[in-house]
2 protein chains.
Amino acid sequence: MITVINMAKRKPGSPKICDCQGARKSRRREAVVEVLSSGPGHLNAEQIHKAAQKRLPGIGIATVYRALKCLCGCGKVSEFIPADGVARYEPAGSRAHHDHLICTACGCFTEAVDPEIERLQERLAAKHGYKISSHRLEIYGLCPCCSKKV
Amino acid sequence: MITVINMAKRKPGSPKICDCQGARKSRRREAVVEVLSSGPGHLNAEQIHKAAQKRLPGIGIATVYRALKCLCGCGKVSEFIPADGVARYEPAGSRAHHDHLICTACGCFTEAVDPEIERLQERLAAKHGYKISSHRLEIYGLCPCCSKKV
DNA sequence: TGGAATAATGATAACCGTTATCAATATGGC
DNA sequence: GCCATATTGATAACGGTTATCATTATTCCA
């Protein structure tokens with residue numbers, strides 16, 4: 001089954017919350033955007049749903065998933081899936097690419113980038129004849145706070 | 001609910017296929033080990049199940065999952081979960097750590113290591129006060145074969 | 001060489017995050 | 001306001017994985 005998100009029949013110039021062709025503006029989708037842009041980042045769908053319900057009681061989980069998919073599709077939000085298999089979302093756009101340090105004790109996320117690592121990844125991929133489209137680096141361990149407690 | 005895999009009451013010296021305390025030897029678990037050590041690597045549970053059924057018709061998927069969990073627990077097998085959320089398994093032990101290049105077109109996996117990247121990861125983690133326990137680097141893109149076809 | 005204790009197994013229900021379905025509702029262009 | 005259609009909420013379905021439970025296999029010990 002092929003899923004197409006509102007790609008057809010949209011007349012140009014109509015309002016849109018994301019750049020998907022044919023998307024209409026809606027308060028639920030706006031609420032999801034607000035949650036993401038005001039929240040701490042790295043939220044999963046359930047957490048986004050709960051936060052969105054405070055703004056719009058009654059908003060359904062399916063709507064949240066649909067909004068996230070739409071927003072990811074047009075690049076406003078980026079999704080990443082850590083080792084627990086549960087997708088996390090963060091506002092993209094103005095935010096640069098980064099990797100994640102993930103605490104195995106408290107589950108917190110820290111963003112980090114090392115330009116040298118980025119460059120070496122390109123080199124590694126080229127060495128194996130790969131054309132990179134994306135990459136994912138996650139470092140698991142104890143965050144400063146949790147390593148003190150041990 | 002706490003899950004304990006045969007941790008209690010085992011008398012020392014009994015045969016074991018893995019180093020889990022209390023584990024008995026069984027043909028199913030051996031079959032899973034054989035599949036993993038003879039196969040191409042990066043197999044998911046379903047693929048391992050199919051391969052194991054050729055050796056032991058009737059072996060159930062639950063047994064495969066249980067064997068994999070046991071073998072992962074004692075370090076004989078390593079599990080990793082790429083962006084599709086489906087766990088892949090490969091024999092550990094003699095095999096060194098490596099990262100993965102994953103083709104977004106054909107889905108094939110290539111193993112790769114760059115010692116410099118490994119070192120820089122340590123540095124990045126230290127910079128943020130993290131004590132690394134593990135890490136995961138996946139590079140997505142087109143493999144040499146698929147990038148020719150485009 | 002049994003037999004008791006208990007670990008392993010297969011079938012299958014349950015689980016959980018996510019997606020599809022569908023009727024009802026909201027939106028935007030006119 | 002009306003029409004076409006995009007969006008929504010409730011919920012069923014889905015796919016990978018885990019738990020349950022009665023049955024079978026393994027190990028230890030007499």
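Analyst: Two strands are said to pair if DSSP finds at least two bridges between them. Helices (H or I, at least four residues) and strands (E, at least two) are DSSP runs, numbered from the N terminus. This is a predicted model, in which local features need pLDDT of at least 70, side-chain atom pairs count only at pLDDT 80 or more, and totals for chains, interfaces and linings use all residues. Residues are numbered from 1 along each chain as its sequence is written, chains are lettered from A and ligands numbered from 1 in the order in which they are written, and side-chain values use heavy atoms, with hydrogens and water left out.

User: What makes S2(A) and strand S3 of chain A a pair?

Analyst: The rule asks for at least two bridges, and 4 bridges join S2(A) to strand S3 (residues 88-91) of chain A. The two strands therefore count as paired, and they run antiparallel. Within this pairing, Phe80(A) is opposite Arg88(A) in S3(A).

User: How do you know in which sense S6(A) and strand S6 of chain B pair?

Analyst: S6(A) and strand S6 (residues 131-142) of chain B are joined over 11 bridges in the antiparallel sense. Leu142(A) is opposite Lys131(B) in S6(B), and the bridge partner of Gly141(A) there is Ile132(B). Within chain B, by contrast, strand S4 (residues 99-103) and S6(B) pair in the parallel sense over 4 bridges, with Ile102(B) opposite Tyr140(B).

User: Why are Asp114(A) and Arg123(B) called a salt bridge?

Analyst: The term needs a side-chain nitrogen of Lys or Arg within 4 Å of a carboxyl oxygen of Asp or Glu. The closest N and O atoms of Asp114(A) and Arg123(B) are 3.0 Å apart, so the pair meets the rule. The pair crosses between chains, from the loop between S5 and H4 of chain A to helix H4 (residues 115-127) of chain B. Arg123(B) also meets Glu116(A) in a salt bridge, at 3.4 Å, N to O. Between chain A and chain B the count is 6 salt bridges; over all chains it comes to 14.

User: What is the area buried between chain A and chain B, and what does the term mean?

Analyst: Buried area is the accessible area (1.4 Å probe) that two parts lose on being put together, summed over both. For chain A and chain B this is about 3,300 Å², of which carbon and sulfur atoms give 59%. In chain A, Leu124(A), Tyr130(A) and Arg136(A) lose the most area to chain B, together 22% of what that side buries. Counted by contact (heavy atoms within 4.5 Å), each chain gives 38 residues.
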